[in-house]
Amino acid sequence: MLRQIKILARLSLTNLLGWNVLKNTKDPKAKRKAYFMLGIYGLLIVMAAMYMGGTAYGLVMLGAGAAVPAYLIAFSSLLVFFLGTFSAGGSLFAKNGYEILCSLPVSRWAIVASRFVRLYVENLALSWVILLPGLSVWFWCVRPGGAVYLACVPVLLAAPMVPVAAAALFGALVTGISSRMKHK
């Protein structure tokens, strides 16, 4: 079952940010659009990194250096929650993908788990865009002890877990309510 989850998650992540379209399309218009969107995503990543680095530097210079890691984790958690709420309903309850996968010899649990893995990986990348630049500026300015560097590795991996779970629950609730209203 773990192998099924890995394969399904990898397949659903291949279309993340339009990589699959860029790699396999022969249509020049679709390639131009994919390159344009990758450029926009790159610009947004650079802007977010500069904003978080500047914020961390400003907080350290104001004497609030001890609050920078908590601020960065709180900001990334809120961002993951709000953006994950909108994408969770569509990612977890996509009927078109589920109908195709039901005919394959794949368990339902593997399908659900692979969709949660996809949500986690997407939101992990989003939280790293926020956390890595801010923490690197904080490390450079404050120069904490070696244990702090080691403690950041599990924090970087675990930071989006709670907001992803909350966003999935809230997204499922919103999707359930909206699907009932649609039929009325």
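This text walks through a predicted model of one protein, from its overall layout down to single residues.

Start with the whole chain. The protein has eight helices and zero strands. Read from the N terminus on, the elements run α-α-α-α-α-α-α-α. The C-alpha trace spans about 60 × 40 × 40 Å along its principal axes. Of the 184 residues in the protein, 29% are buried. Now look at how the chain meets itself. Take the contacts between residues at least 6 apart in sequence. Among these, 75% join residues at least 24 apart.

Helix α3 covers residues 28–61, and helix α6 covers residues 108–142. Their axes come within 8 Å and cross at roughly 35°. The crossing of α3 past α6 is right-handed. Which residues of α3 take part in the contact? They are I45, A48, A49, M52, G53, A56, Y57 and V60. On the α6 side, the partners are V129, I130, P133, G134, V137, W138, W140, C141 and V142. Sorted by class, this contact has 15 nonpolar, two polar and no charged residues.

Stay with α3 for one more residue. G58 is found in this helix. It is partly exposed, because its relative accessibility is 27%, between the limits of 20% and 50%. For a sense of distance, compare G58 with R180. They are 122 residues apart along the chain, and their C-alpha atoms are separated by 48 Å.

Now go inside. In soluble globular proteins, nonpolar side chains tend to be buried together. What does this model show? Its largest nonpolar core has 14 residues. The residues with the most contacts inside this core are V68, L72, L131, L135, W138 and F139. Four helices each supply at least two residues of the core: α3, α4 (68–92), α6 and α7 (146–158). Which helix gives the most? That is α6, with six residues. One name here has come up before. W138 belongs to the α6 side of the contact with α3, and W138 is also among the core residues with the most contacts.

L72, like L131, is on the list of core residues with the most contacts. A second, separate core has five residues, and it includes I5, L8, L101 and A110.

Is S127 buried or exposed? S127 is buried, because its relative accessible area is 1%, under the 20% limit. Apart from neighbours within four places in sequence, S127 is in contact with S76, V80 and P160.

W128 has another setting. At 33% relative accessibility, W128 counts as partly exposed. With neighbours within four places in sequence left aside, W128 is in contact with P133, L156 and L157. R143 gives a distance to check. W128 and R143 are 15 residues apart in sequence, and their C-alpha atoms are 20 Å apart in space.

Last, look at the aromatic rings. How many aromatic pairs does a search of the whole structure find? It finds five. One of them joins F81 and F82. This pair is edge-to-face, with 5.5 Å centre to centre and 65° between the planes. F81 also pairs with F170. The centres of these two rings are 6.1 Å apart and their planes are at 40°, so this pair is tilted. Where do the two partners sit? F81 lies in helix α4 and F170 in helix α8 (residues 161–183), so the pair ties together parts that are 89 residues apart in sequence.

Put together, ring pairs link F81, F82 and F170 into a cluster. F81 counts as partly exposed, at 22% relative accessibility. F82 is partly exposed as well, with a relative accessible area of 47%. F170 is partly exposed, with a relative accessible area of 40%.

How values were computed
Residues are numbered from 1 along each chain as its sequence is written. This is a predicted model: local features need pLDDT of at least 70, side-chain atom pairs count only at pLDDT 80 or more; totals for chains, interfaces and linings use all residues. Side-chain values use heavy atoms; hydrogens and water are left out. Axes are lines fitted to C-alpha atoms, for helices over the stretch in contact, and angles run from 0 to 180 degrees between N-to-C directions. A crossing is left-handed if the near helix is turned anticlockwise from the far one by less than a right angle, and right-handed if clockwise. Contact means heavy atoms within 4.5 Å. Ala, Val, Leu, Ile, Met, Phe, Trp, Tyr, Cys and Pro count as nonpolar, Asp, Glu, Lys and Arg as charged, and the others, Gly among them, as polar. A nonpolar core is a set of buried Ala, Val, Leu, Ile, Met, Phe, Trp, Tyr and Cys residues joined through side-chain atoms within 4.5 Å. Buried means under 20% relative accessible area, exposed over 50%, partly exposed in between (1.4 Å probe, protein chains only). Rings of Phe, Tyr and Trp (its six-membered ring) pair if their centres lie within 6.5 Å; planes under 30 degrees apart count as stacked, over 60 as edge-to-face and the rest as tilted.
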